[in-house]
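Dear colleague,

Please find the structure below, together with its sequence.

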Amino acid sequence: MSVGRGNRAAPPAPDGHWEVRFADAASAKGWENLAQQARENTYRAWVTMRTHPNPTIETPRHHRLKGSLAHGTHRGQTCEQ
């Protein structure tokens, strides 16, 4: 089965955690490639996205998106990205 838009990035999230889903097939393919090259870092990113997707502290490696990427629309609602 191929992975694509709307599919989960990993097994179902437990209660109280966010589900990480792909926006499109290219994202799914990129995630798989990243997991093959940097498995531990990809896993840590996945855990962070599930448990605390909107960190309040920016770091040199983790910062908010800017410009047109700062917000997206999901089911008619504008959300931060």
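How many aromatic pairs does a search of the whole structure find? The search finds one, where rings of Phe, Tyr and Trp (its six-membered ring) pair if their centres lie within 6.5 Å. The ring centres of Y43 and W46 are 5.7 Å apart and their planes stand at 45°, so the pair is tilted; planes under 30 degrees apart would count as stacked and over 60 as edge-to-face.

Please note that this is a predicted model, in which local features need pLDDT of at least 70 and side-chain atom pairs count only at pLDDT 80 or more, while totals for chains, interfaces and linings use all residues. Residues are numbered from 1 along each chain as its sequence is written, and side-chain values use heavy atoms, with hydrogens and water left out.

Y43 and W46 are three residues apart in helix α2, separated by about one helical turn. W46 is buried at 11% relative accessibility, whereas Y43 is partly exposed at 46% (buried means under 20% relative accessible area, exposed over 50%, partly exposed in between, with a 1.4 Å probe and protein chains only).

The buried residues of α2 are T42, W46 and R50. They cover an arc of only 70° around the axis, which puts them on the same side of α2; the arc is that of the directions from the helix axis to the C-beta atoms. These buried residues pack against α1 (25–37), contact meaning heavy atoms within 4.5 Å. Helices are DSSP runs of H or I with at least four residues, numbered from the N terminus.

Yours sincerely

Definitions and conventions. Helix = DSSP H or I, 4+ residues; strand = E, 2+ residues; numbered from the N terminus.
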